[in-house]
Amino acid sequence: MKIKIKDTARTNKNWSLYKLAKVLDLPQQTVYSWASGRTQPSYENMDRLCEALNCSVGELFEAEPVQQKLNLAVNQ
């Protein structure tokens, strides 16, 4: 699953990842790393993200569409 931090921050608060990092009082690199999928936030930080962005955990994650998964399986 892909985390949609950048889209959710922009849609819900009109914030950049930089602004989100400042609000969460975290290093920019941490938030950028989450947004790029290199790392995942801890449960505590996931709660902080949801509170700051006024969203649910489910809204932050984007599941791959089933058809896309099927196409990938067929093409391999």
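1. Helices α2 and α4 cross in a right-handed way. Helices here are DSSP runs of H or I with at least four residues, numbered from the N terminus.

2. A word on the model. This is a predicted model, in which local features need pLDDT of at least 70 and side-chain atom pairs count only at pLDDT 80 or more, while totals for chains, interfaces and linings use all residues. Residues are numbered from 1 along each chain as its sequence is written, and side-chain values use heavy atoms, with hydrogens and water left out.

3. Back to the crossing. Helix α2 spans residues 17-24 and helix α4 spans residues 43-53. Their axes come within 11 Å and cross at roughly 110°. That angle makes α2 roughly perpendicular to α4. The label covers 65 to 115 degrees; under 35 is roughly parallel, over 145 roughly antiparallel, and the rest oblique. Each axis is a line fitted to C-alpha atoms over the stretch in contact, and angles run from 0 to 180 degrees between N-to-C directions.

4. Which residues in α2 and α4 meet? From α2 come L20, V23 and L24; from α4 come R48, L49, A52 and L53. By class, this contact has six nonpolar residues, no polar ones and one charged one. Contact means heavy atoms within 4.5 Å. Ala, Val, Leu, Ile, Met, Phe, Trp, Tyr, Cys and Pro count as nonpolar; Asp, Glu, Lys and Arg count as charged; the others, Gly among them, count as polar.

5. Now the cysteines. A disulfide is a covalent bond between the sulfur atoms of two cysteines. The rule used here asks for a pair of cysteine sulfur atoms within 2.5 Å. How many disulfides does the rule give? The count is zero. For C50, the nearest cysteine sulfur is that of C55, 4.3 Å away. C50 counts as buried at 9% relative accessibility. C55 is also buried, with a relative accessible area of 12%. Buried means under 20% relative accessible area, exposed means over 50%, and partly exposed lies in between (1.4 Å probe, protein chains only).

6. Two loop residues deserve a look. D25 is not a glycine, yet has a positive phi of about 55°. D25 sits in the loop between α2 and α3 (28-36). At 70% relative accessibility, D25 is exposed.

7. N54 is the other one. Its phi is positive, near 55°, and N54 is a residue other than glycine. N54 lies in the loop between α4 and α5 (57-60). N54 counts as exposed at 63% relative accessibility.

Terms used:
Left-handed = near helix turned anticlockwise from the far one by under 90°.
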